[in-house]
Amino acid sequence: MTSRQRNLIWTLIWLSVAFAALLIFWCFRLRSIYVEEQFSEISTSAWMFHPHFAGWFTKPFSLYRMDYPEWNSQYRSFIRPTECLSYYVMSLFFGTNYAAYLISNYLYQAGTCALTFYIAAEVLKLDRRLAHLLAFLVFVSPAYGQQQTFLISFAVDPMAGFFVIASIAFFLREKFVWAWVLIALAVGAKEPAWPFPIIMAVLVLFQANKQLSKRLLTSLAFLLPLVGIIALRAYAFGLAGALKSDQGGGGGQGLSAAGHVAHFQIVSRLLTALAKWPLGVLTESQQYDARILSVFRYWGYTINAIFWISLLAFSAWAVYRRGVGSAGVQNIGQTLKALVSKYGFATCAAVALAAASLIFPLRFAGDPRYGAPTYPLIFLSIGIVLAQRPGLWTRFVCVSLLASIGIYGFVLRVSDATHGREVFRTEWQLVAGYRQAIENAGSHPLFVIDDATGGEINSEAIQKFYGPQAKVVRLNDLFKDRDCLLMPEHGEPPVHLDVTAQRISDHSIVVHSEITGCGSHNFLGVPQLPAGKLERTDQGFLMSYQIDPRSSPQPTSGRRELEVTIENAPADSIIVVPDFEHRTYKVVPINDIQKAPATVASSHKDGGQRSGS
């Protein structure tokens with residue numbers, strides 16, 4: 001059996017073992033408790049919702065949009081045709097069994113592990129034992145923590161990472177046609193893949209023994225997917241939206257705000273990003289115990305500082321030695337050609353692509369989930385360095401980084417199977433109650449106060465998912481601090497909602513909410529409420545607000561009250577509120593006080609019918 005055949009067999013073994021491990025977790029820990037909550041993405045792509053395929057290239061990939069457009073009209077302007085295609089294919093196989101959609105996520109993760117082994121052992125010719133280690137580190141990397149294992153809406157990160165690594169596997173072997181197809185799919189999946197076509201286009205120019213015209217054409221071809229996706233966004237959202245993450249005005253701040261911040265803030269942001277990467281420090285998450293994050297935060301900051309200082313020192317030494325001290329090397333271009341000639345195209349390209357993989361995480365100081373293509377390439381680059389038998393300090397830095405990422409990712413994986421599962425079980429119980437309330441309401445207007453589930457899902461997405469008869473209006477959101485994230489199985493919940501609903505006329509309802517505990521009233525996506533009278537409309541209903549204290553979100557201590565008057569509310573209106581004690585949503589009884597006139601304030605004082613949770 002040849003070495004290539006052994007490597008292929010080991011690649012298949014890695015694919016099978018990694019996929020089987022994730023599938024076992026899904027079968028025994030996840031499938032029975034999963035409840036789909038991301039209507040906005042599914043309803044634009046799954047076959048049963050009759051998607052318009054052209055819309056995958058000309059419209060946002062989802063119906064995400066804030067529910068308070070008068071106060072913040074931002075919405076997601078990402079165009080991601082590959083993600084839409086993935087949802088469509090999954091819907092053909094699994095229909096409305098949304099838990100099974102996660103299988104595609106696990107295939108992407110297992111495929112990335114297997115490809116990492118193949119690139120290390122077969123393409124880069126690293127020691128097979130080292131290749132096995134790198135594949136294992138990819139499997140436990142922090143890129144697959146957080147929501148990546150639990151939610152299909154986050155499968156786009158592993159998907160983009162898989163297509164990037166698959167493209168690189170062909171690119172390093174100079175199989176540029178397949179590399180182009182796969183990188184085009186990656187670019188159409190998510191934005192962290194965008195830097196790779198640029199670096200690939202540059203690397204093609206440094207190929208040896210290739211005609212200049214052929215290199216130029218190939219280089220331009222690799223740029224086409226990126227140019228195409230930016231052109232589509234410019235067509236759909238205008239030039240201002242070609243590179244921004246959000247569109248719309250309102251009161252929010254998109255990426256354009258970065259151009260107006262002071263220089264010291266930009267420097268501070270860059271230092272924050274350098275402190276978080278390449279380890280991928282996660283500063284906060286509802287899914288993990290705060291003590292775990294605290295330990296790895298300071299550990300990560302230390303390892304990252306050692307890495308960047310060492311890299312800076314090595315780069316300065318290399319520039320001096322090769323750019324100044326070496327005869328015949330006069331510029332960067334000649335230096336790069338000399339490196340390609342010495343180490344080979346595949347080795348130099350792998351290191352360059354690893355550097356490119358850090359562009360997106362550093363630009364946005366992103367969480368580890370943005371590192372799906374980053375971690376495999378960092379591991380491969382470290383493997384290349386270790387194979388050169390470097391000095392003691394270089395070996396220490398490389399091994400420390402590998403060990404730190406491996407331990408960090410392994411701890412997060414274990415926490416996902418225990419604490420993380422409980423977090424999502426609690427959340428999905430509420431989601432089940434939310435969905436049941438929508439189904440029970442039928443065509444009756446449903447008003448949700450202190451919503452803890454809806455997130456960025458707006459009325460348009462709900463109507464597409466449940467049918468045009470669904471009329472769901474979110475009055476406000478509930479903000480919870482860290483003490484409220486995991487509700488206890490028994491006993492009093494740490495946040496208590498006291499809600500009254502009263503009909504004051506044939507077409508008007510007043511809803512009053514008072515919060516005690518570690519929660520407060522919030523309007524998701526609204527950083528600052530406008531001055532003056534607070535009014536908004538939704539589906540023909542007019543809502544007028546009185547909120548004390550007047551902020552979004554409110555503080556989670558002291559007095560927190562909200563009163564909303566709903567105009568044009570018919571007699572069959574339904575109001576629901578989260579019930580944390582039973583982890584569901586329950587109906588708030590509407591007290592008709594038309595026959596006993598009284599002011600809203602006095603009725604509250606006298607104690608109308610309340611729904612506590």
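**Burial and contacts**

Analyst: T149 is buried (under 20% relative accessible area, with exposed over 50% and partly exposed in between; 1.4 Å probe, protein chains only), its relative accessible area being 2%. This is a predicted model, in which local features need pLDDT of at least 70, side-chain atom pairs count only at pLDDT 80 or more, and totals for chains, interfaces and linings use all residues. Residues are numbered from 1 along each chain as its sequence is written, and side-chain values use heavy atoms, with hydrogens and water left out.

User: Which backbone oxygen lies 3.0 Å from a polar atom of the side chain of T149?

Analyst: T149 sits in the loop between α6 (128-139) and α7 (156-172); helices are DSSP runs of H or I, at least four residues, and strands of E, at least two, numbered from the N terminus. Beyond four places in sequence, T149 touches residues including F25, Y144 and R413, contact being heavy atoms within 4.5 Å. The oxygen 3.0 Å from its side-chain polar atom belongs to Y144.

User: Within what arc do the buried residues of α18 fall?

Analyst: In helix α18 (residues 459-466), the buried residues are S459, A461, I462, F465 and Y466. Seen down the axis, they line one face of the helix, because the arc within which they fall, taken from the directions from the helix axis to the C-beta atoms, is 160°.

User: How far apart in space are L232 and T58, C-alpha to C-alpha?

Analyst: L232 belongs to helix α10 (residues 212-237) and is partly exposed, at 24%. L232 and T58 are 174 residues apart in sequence, yet their C-alpha separation is 6.2 Å.

Definitions and conventions: Polar contact = N/O pair within 3.5 Å; in protein donor to acceptor, adjacent residues only side chain to side chain.
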